[in-house]
Amino acid sequence: RPSSMAPFLVAMAVSVWADAGTCADSGAAGVTIPTVDVSAFLDPAASEEARGEAVRAWDSAMAFWGFARVVGHGVPQGDVDALRAAALAFFDEPLENKLRYSQGPTYGPEGYTARGIESVGRTLA
């Protein structure tokens, strides 16, 4: 049975996902996911220029990809590994279990979104 934290874990997995920074798990081997280093926001001595670089990298990643691999976030690797394992376990669940976390026929920022709910065509319209 999926944890009640599963939707949160899946959403967070996009941000602090993998070690390699490629889409190897999705079958799109060799496609590079943008990496954004946010360490300048955790360092009180970081310059505005360094923070601006991170902001521009984030903006570019969101404009082109809609997501990014985030590094320099300070989350311990053990927590990242546990998050990834929980996300993979959630997606290994049967569809009927995942649908318990669905918002139905509409898209929302939380929960499980089944196939056919999102569409690139709808975003471009």
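Q: Which side chains meet in a salt bridge here?
A: In this predicted model, the side chains of R51 and E48 do so, with a nitrogen-to-oxygen distance of 3.3 Å.

Q: How many salt bridges does a search of the whole structure find?
A: The search finds one.

Q: Which other residues of helix 2 are buried?
A: Along with R51, the buried residues of that helix are G52, A54 and A61.

Q: What covers them?
A: The cover over the buried residues of helix 2 includes strand 1.

Q: What about the dimensions of helix 2?
A: Helix 2 has 17 residues and reaches 24 Å from its first C-alpha to its last. That is close to the 24 Å expected at 1.5 Å a residue.

Q: Which residue with positive phi follows helix 2?
A: That residue is G66, and its phi lies near 90°.

Q: Stepping back, what is the overall secondary structure of the chain?
A: The chain has five helices and two strands. Along the sequence they follow the pattern α-β-α-β-α-α-α.

Q: How much of the chain is buried?
A: Of the 125 residues in the chain, 27% are buried. As for contacts between residues at least 6 apart in sequence, 57% join residues at least 24 apart.

Q: Which contacts does V71 make beyond its sequence neighbours?
A: Leaving aside residues within four places in sequence, V71 is in contact with T35, V36, D37, V38 and S39. V71 belongs to strand 2, residues 69–71, while strand 1 covers residues 35–37.

Q: How far apart are V71 and T35?
A: They are 36 residues apart in sequence, and their C-alpha atoms are 7.0 Å apart in space.

Q: What is the accessibility of V71?
A: V71 is partly exposed, with a relative accessible area of 23%.

Q: On to helix 3: which of its residues are buried?
A: V80, L83, A87 and F90 are buried in helix 3. They cover an arc of only 90° around the axis, which puts them on the same side of helix 3.

Q: How many residues does helix 3 have, and what is its reach?
A: Helix 3 runs over residues 77–92, which gives 16 residues. From first C-alpha to last, helix 3 reaches 22 Å, close to the 22 Å expected at 1.5 Å a residue.

Q: What does the side chain of N97 contact?
A: The N97 side chain makes a polar contact with the side chain of E93, at 2.6 Å. N97 is placed in helix 4, residues 95–98, and is buried at a relative accessible area of 19%.

Q: Where is L99 found?
A: L99 is in the loop between helix 4 and helix 5, the latter being residues 120–124. At 37% relative accessibility, L99 counts as partly exposed.

Q: What does L99 touch, not counting residues up to four places away?
A: L99 touches Y112 and A114.

Q: Turning to confidence, what is the mean pLDDT?
A: The mean for the chain is 76, and 67% of the residues reach 70 or more.

Q: Which elements have the lowest and highest mean pLDDT?
A: Helix 1, residues 6–15, has the lowest, at 44. Strand 1 has the highest, at 95.

Q: Where does pLDDT stay under 50?
A: It stays under 50 over residues 1–27. For that stretch the model has 49 contacts beyond four places in sequence.

Key: Residues numbered from 1 in each chain as written. Predicted model: local features only at pLDDT ≥ 70, side-chain atom pairs only at ≥ 80, totals over all residues. Heavy atoms only, no water. pLDDT = per-residue confidence, 0-100. Helix = DSSP H or I, 4+ residues; strand = E, 2+ residues; numbered from the N terminus. Contact = heavy atoms within 4.5 Å. Expected span 1.5 Å × (residues − 1). Buried < 20%, exposed > 50% of the residue type's maximum accessible area, 1.4 Å probe, protein only. Arc of directions from axis to C-beta. Polar contact = N/O pair within 3.5 Å; in protein donor to acceptor, adjacent residues only side chain to side chain. Salt bridge = Lys/Arg side-chain N within 4 Å of Asp/Glu carboxyl O.
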